[in-house]
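Hi there,

Here is the structure I promised to pass on. Have a look, and my notes on the aromatic rings follow below.

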Amino acid sequence: MPKTKIVATIGPASFNENILKNMARKGLSVIRINTAHIEPGYILSVSKLLNKINSDLNTKIGIMVDLKGPELRTGLFKSGYINIEAGKNYVISSANTNADITLNHDITKYIDEETVIAINDGKIHFKVLSVKDNDITTTALDSGIIHDTSRVNIPGRYIDLGTITERDKIFIGEGIKSEATFYALSFVQQKENVYDLQDYIYESGSSASIVSKIETKKGYDNIESIVNASDFIMVARGDLGVELPLKEVAMAQKKIIMESHRKAVPTIVATQMLESMVNADSPTRAEVSDVTNAILDDTDALMLSEETAIGKYPVEAVSYLSDISEFVESHKLSFSEPETIFTDRLAFSISLGLRRIVEGVDINSIIALTKSGHTARIISSIRPEQDIYAVVTSENLAKALNLLRGVIPVVVPKNYVNSNNIYDIINELSSKNILRAGQKTIVISGSPSLIFGGTNDIKVLNIGAFLGRGYAVGKSIKGKINTGNGSGNILIADSYDKNAEYTKFDAVIFRSCVSERIKDYFINNNITLVYNTEFSSNIMPDMEINVDSDTGIITYI
């Protein structure tokens with residue numbers, strides 16, 4: 001699976017066990033529920049189905065409840081719509097029912113002359129001429145049709161509509177009962193909006209993560225403070241493309257991701273990723289380029305909306321995202337490290353040390369033993385090439401970590417909380433075929449592991465039964481032991497013999513020391529050399545071993 005995670009919106013096209021299972025097999029990480037289009041009871045139904053899928057496939061797919069939030073919209077028109085003519089004046093009001101266009105909120109104190117009001121997803125713009133009482137006199141800048149309850153945007157202006165509606169509270173309650181992993185907050189304009197939702201969720205008994213959707217110019221302007229308050233940031237390009245000129249949206253995406261990554265806050269890029277696949281069985285070249293550039297921008301996750309909610313090809317859409325991500329990531333991209341984090345600077349510093357180790361040593365994987373998930377989140381933010389296995393004892397925490405780039409959550413029995421022996425956990429991972437003999441992994445954890453949290457320990461471990469150790473020159477080798485008269489490709493001898501034919505072997509292990517001249521001989525012949533070797537147990541001909549050139553450790557396979 002690629003390191004970039006995939007969020008898919010559930011809807012009529014995908015609310016099906018077989019379809020969701022196939023989406024999961026293609027790399028689905030999180031299901032998004034858009035509360036703008038559901039009724040109470042829907043989240044519980046999705047949760048029930050998802051629990052079965054997670055159990056059947058041993059996946060850790062979480063639920064993101066996307067809250068509609070308070071919206072500024074037009075009222076109703078006598079004919080259900082109104083024709084707008086450019087250059088003509090129109091009165092907009094929240095109180096005057098005889099106005100040409102009515103609104104569901106009073107906005108007069110937030111605007112003045114020259115303010116531009118955008119309606120119908122930014123298709124029609126009005127310039128404010130005057131404001132008197134609740135009436136706003138405007139002139140239309142565009143021609144077109146406005147239908148009942150059309151979306152209204154006022155780019156660049158803070159409009160206090162509140163944060164959580166009564167309808168939102170119903171779905172938050174249902175999400176808590178369903179153990180939803182994430183809540184996405186729409187139209188975040190300032191950090192106080194995030195605080196309001198966090199307070200409500202925490203007071204309701206949940207510790208779910210908050211995804212702040214940046215889709216207003218005010219939110220974009222306040223991105224730094226919003227990032228500091230959020231668990232995740234979503235680049236919601238739909239409304240952001242209304243609030244900003246279209247030519248600025250791509251650069252805004254880059255800035256939002258960059259600012260988030262500076263503080264180690266993960267990001268999600270959303271809206272029209274593969275929109276043509278609502279009806280087509282493959283994306284356009286432009287869409288593939290868009291997805292590629294989002295990954296190159298350093299996003300953690302990509303999100304599908306209509307493609308999987310109402311589209312004809314939900315499984316194929318997830319598959320394309322997965323395939324594109326895997327291809328782009330195969331080019332070993334190098335991303336900048338976060339500059340700082342506000343909490344646990346020790347864990348951050350240790351993680352930076354981990355980054356240096358994996359750049360200089362051949363490491364197969366990274367194991368993060370984490371109580372809260374914070375360690376895995378920090379490691380994810382430094383973007384190592386290796387898979388990050390986040391070892392936890394909670395299914396809910398595993399689902400939360402499943403949205404982090406490159407993180408694969410692994411749930412171990414709760415009795416490991418009381419174990420001070422890290423090798424008990426390593427053996428558990430080996431039994432799950434996550435770790436294999438002959439591999440080398442980094443384990444980063446607190447001490448004691450999984451009990452109190454905090455990161456203060458880092459180890460490099462060779463997987464397999466320890467056989468011996470020496471000083472190594474050359475590359476790591478796997479093979480069979482040869483004691484002088486067998487067929488194995490790894491020769492073990494007491495000392496160097498100038499008459500021996502060492503070129504027949506891939507590696508030679510000496511118990512004694514060797515000279516620099518002899519080392520050069522093995523280097524020039526591309527033969528791995530281990531010298532000054534001590535063995536902890538008896539060696540047998542044809543025994544399968546691994547020689548790790550980084551550490552000189554020899555293990556059974």
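Which residues do ring pairs link into a cluster? They are Tyr 496, Tyr 502, Phe 510, Tyr 521 and Phe 522. Rings of Phe, Tyr and Trp (its six-membered ring) pair if their centres lie within 6.5 Å; planes under 30 degrees apart count as stacked, over 60 as edge-to-face and the rest as tilted.

Before going on, some ground rules: this is a predicted model, where local features need pLDDT of at least 70 and side-chain atom pairs count only at pLDDT 80 or more, while totals for chains, interfaces and linings use all residues. Residues are numbered from 1 along each chain as its sequence is written, and side-chain values use heavy atoms, leaving out hydrogens and water.

Searching the whole structure gives 10 aromatic pairs. In one of them, Phe 182 and Phe 232 have ring centres 5.5 Å apart and planes at 90 degrees, so this pair is edge-to-face. Phe 182 belongs to strand β12 (residues 182-185) and Phe 232 to strand β14 (residues 232-236), so the pair ties together parts that are 50 residues apart in sequence. Strands here are DSSP runs of E, at least two residues, numbered from the N terminus. Phe 182 is buried at 0% relative accessible area, and Phe 232 is buried at 3%; buried means under 20% (1.4 Å probe, protein chains only).

Tyr 502 and Phe 510 also pair edge-to-face, 5.7 Å centre to centre with 90 degrees between the planes. Both Tyr 502 and Phe 510 are buried.

Happy browsing!

Conventions. Helix = DSSP H or I, 4+ residues; strand = E, 2+ residues; numbered from the N terminus. Buried < 20%, exposed > 50% of the residue type's maximum accessible area, 1.4 Å probe, protein only.
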